[in-house]
Structure formats: C-alpha cells, structure tokens
Amino acid sequence: MTRYAGNAAAIRALVREQEVHRDVYVSEEVFQLEMEHMFPNSWVYVGHDSQVPNAGDYFGTTIGTQPVLLVRHTDGMVKVLHNRCPHKGTRITSETCGNTGKFFRCPYHAWSFKTDGSLLAIPLKKGYENTGFEQSHAATGMAPVRHVKNYRGFVFAKINDSGLGFEEFFGESLSSFDNMIDRSPVGQLKVAGGVLRYMHNCNWKMLVENQTDTCHPMVAHESSAGTVIEVWKKAPPGTKKPMAVEIIAPFMSPYEFFENMGIRIWDNGHGHTGVHHSIHSDYSAIPGYFEKMTAAYGEERAKAILGENRHNTVYFPNIMIKGPIQLLRHFKPIAANKTLVESWTFQLVDAPDMLLERTLMYNRLINAPTSIVGHDDLEMYERAQEGLHSNGNQWVNLQRLYSPDEAGQTNVAVNGTSEWPMRHQFRAWTKFMTMGM
C-alpha cells in the first residue's frame, strides 16, 4: 500500500514550518520517492576531474542510487554516463575506478562502447539485420546523463530535464567552492590522499542536518575532544601545541562561540556555518604559504581569501565542503536507514605540503571509521534512527530561533545556533520532491 507516491499534498504534509514527520527518515516509500524525484531533479555532485586525468580514466559513483560513470573521453572532455549496458542492463564496471582504454566492454555479451557512451560494436551483428535495431534505444549505446556541469574541476550532473539550471540552483553558494579553489596559488585543486568510506546505519538527511548543527559538539564530543583538552592541560609549560590538538580542541568551544560564529542561508537548501569565525580560524600559519599567495594574488586579495574561514558549507542535497582545509564529504543514500559516507581530501596545487598534511590529519582524526570524533556522531544518528520508531511522538522539532517571515529570505546571516538551515533544507526537499509530481 502506498501513501505518498503521486501524492504531492501528502509529501508536503510531512514538512511543517517548525517540524518534520518521522517518515522523512524511516519510510522506505519516501526514500524510494527521493530516488525517483528529488535526486533526479537536483544537481548532484559526481566527482572531481582530477580523478580522471587521462583519456579512458573512469570513476564510478551514484546519483541517488543510480550508478553512473565519470569518464575522460578521447577528446579530453569529461562525460557522465549511466553505468548500464543498453542490452540487458548489466552494470558495465563494478570497479570504483580504473582506465578502460578506448572503449568500455560489457562483461555479459561483449557489447562495446566508446568512452562517450556511443555504441562501438556488438558480436553476431548479422542477427540484428532487418530487425529495426538501428532505431532501437539500445543502438544509441550507454545513455549519457543529459545535464553535466564542470565547475572549476567539480563535476555535477542532473538526470531530469525538469528542475533548475546550474547557476540558478547554486547561485551565490558557489563562493564557497571559489574560496576553496582560490586557496591554491595557481587556482587549482586535485584529489589527494585517497578516500575514507564509512557506512552509517541512519538516514542520509541526518548527516546533512548535522553539518549545520552547532548545539551538539560540546555535548556529543565531550568524551573525545574533552579528553584531548584535559590531556593537553598536563603538557609542560611552553610546549608547542601539536597540530592534532589545534584540530580537535575547538570542538569543545562553548555555545557562545558557535552563536557568534554565524550561519548564512542561501536558496535551495544551501548554506554555511562560520560567517565570522570558525573552528578553523586559529590554526598555526604554514611557513611560506602567505608569501606564495601574496605573490600570486597581491596582498589584499590574499588576505581576503585566507580571511574566510567558513566551517561547513552544505550543498543540498548531499555534500559538504570545508574550504579552509580542502575537504569534501559525500553522503550517499543506500536505504532509508543506511548511508555510505565518503570523505575526500584535496591538495592545493603549488602550495606547501604541510597544508595537505593538516587536511589528511583532520580527515583521519574526525571523519575516519577509526577516528575519535566521528564515532560520537554515528552513535547519535543510530540512536535517532531507532528512537524515531517510537509512537510517543511522530514529529521531529526544528524550532530553534524560528521566525515566521524566514521562508523566502536568502543570503542572510543569522545566529550560529539557529536551526534555520535545517528548515531551509526541508523547504528545498519538498520543492524538489514534488517538482513534476
């Protein structure tokens, strides 16, 4: 029995101004509708073009739960293809990444395709003569994703023709990508340090919400970050603060720190914490870095770039970036109660190596399956996923610092502990879920 399929009014009723119904987290039917409507109607991050530097390089990922391939074609352009043979639907590659040479070959019946997806050859071709095969959908090859945008190396794709154009979808929020990229003296990033993959037994939206939840760090991370601070207090006077302590200690900052930090709200569910300062503001200077930036951009511009210390920028629906330490987290939905989290680190081209060292240390200390901070969050997500099955209350409260006139406002900076970003994400969720329904 379906409750929500084809029923836009029922979907909209799941989201109130100050609360959302538990079905947005626990209902498998709602999850399937997200895969059919919300993700295909949105611009979804696919990968970085530095992951496919050579012709024939490919990277396998998903848009929602649909498998796609990011591939460098022989003409040097980056393509996004549905990872599906047009013959029997076989997934063309099962490896996450590799080089396919000049063509893909289906492992089932050996149909082959150029790296732009077009059909190259099929075995026993004479069996298709006079069958009208040339007019079939299969004859067109691997289907390309129709809408692809490479923004300064970051590749996004949208499956449906409906929805917004790339610039309209992201608007002013692209400034966070610009700041992260401009931190390179030559304005280039490349993926470095591999990827950390971490399965979470919870709904994907819990992770997205948590990126702008600043009321939890000093509570949920007391056992990890709080312990680090207690240990550091015992260090002999004059001891240089280790990089690891600089990274972890700010998680225990008081509510006032996060209130004053500020949150910015953009259209379509995007936004960032750290308008005025952030947990990344007081890292030690890296020798020689500012001088390189000054030589590249001039002193005033270099100060402006490095003076931005945005904490978490959420790009709806499912990525978060940290500009000051060049990190991207990708929250990949698997089921209503299962999410694969990927944490990618980037190197600033032509910048000191110590910057990458700090990025890698942050990722391993905070986001890895073996981290000491990420476990705290995971336990809270799993407790919430279990607790939402209680019939004591079917609604989740998102009321903190609510204002009746906030809907429709954009590019505003508000109190850093406000739950406005979450309310804004759910307004976008409703919009893209019901678009065309």
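Mentor: Let's start with a term: contact means heavy atoms within 4.5 Å. Keep in mind that this is a predicted model, where local features need pLDDT of at least 70, side-chain atom pairs count only at pLDDT 80 or more, and totals for chains, interfaces and linings use all residues. Residue numbers run from 1 along each chain as its sequence is written, and side-chain values use heavy atoms, with hydrogens and water left out.

Trainee: Okay. Leaving aside its neighbours within four places in sequence, what is Phe177 in contact with?

Mentor: Skip the residues up to four places away in sequence and look at what remains around Phe177. The contacts of Phe177 are then Tyr151, Phe154, Phe156, Tyr315, Ile319 and Ile321.

Trainee: Which residues touch the most other members of the largest nonpolar core?

Mentor: A nonpolar core is a set of buried Ala, Val, Leu, Ile, Met, Phe, Trp, Tyr and Cys residues joined through side-chain atoms within 4.5 Å. Buried means under 20% relative accessible area, exposed over 50% and partly exposed in between, with a 1.4 Å probe and protein chains only. The largest core here has 79 residues, and those that touch the most other members are Tyr25, Phe154, Phe156, Phe177 and Trp429.

Trainee: And which helix gives this core its largest share?

Mentor: Helices (H or I, at least four residues) and strands (E, at least two) are DSSP runs, numbered from the N terminus. The largest share of this core is six residues, and they come from residues 420-434, helix α15.

Trainee: How many residues are in the second, separate core?

Mentor: That core includes Met218, Ile248, Phe258 and Tyr362. Its residue count is 18.

Trainee: At what angle do α3 and α15 pack?

Mentor: Axes are lines fitted to C-alpha atoms, for helices over the stretch in contact, and angles run from 0 to 180 degrees between N-to-C directions. The axes of α3 (residues 28-38) and α15 are 8 Å apart, and the angle is about 70 degrees.

Trainee: What does that make α3 relative to α15?

Mentor: Angles under 35 degrees count as roughly parallel, over 145 as roughly antiparallel, 65 to 115 as roughly perpendicular and the rest as oblique. On that scale, α3 against α15 is roughly perpendicular.

Trainee: Which residues of α15 make the contact?

Mentor: On the α3 side, it's Val30, Leu33, Glu34, His37 and Met38. Across from them, α15 brings in Trp429, Phe432 and Met433.

Trainee: Is Ser42 buried or exposed?

Mentor: Ser42 sits in the loop between α3 and β2. Among the residues it touches, leaving out those up to four places away in sequence, are Ala157, Pro317 and Phe432. Because its relative accessible area is 0%, Ser42 is buried.

Trainee: Where is Thr93 placed, and is it buried or exposed?

Mentor: Thr93 is in the loop between β5 and β6. It touches Tyr58, Leu69, Asn83 and Phe104, not counting residues up to four places away in sequence. With a relative accessibility of 5%, Thr93 counts as buried.

Trainee: How far apart in space are Thr93 and Leu69?

Mentor: In sequence, these two are 24 residues apart. In space, C-alpha to C-alpha, the distance is 8.5 Å.

Trainee: Which strands stand at the edges of the open sheet of three strands?

Mentor: That sheet has the order β2-β11-β10, with antiparallel pairing. An edge strand has a single partner, so one side is left without a neighbour in the sheet; here those are β2 and β10.

Trainee: Which helix packs on this sheet?

Mentor: The helix touches β10 and β11, and its direction makes about 155 degrees with that of β11. It covers residues 174-182 and is named α5.

Notes: Pairing = 2+ DSSP bridges.
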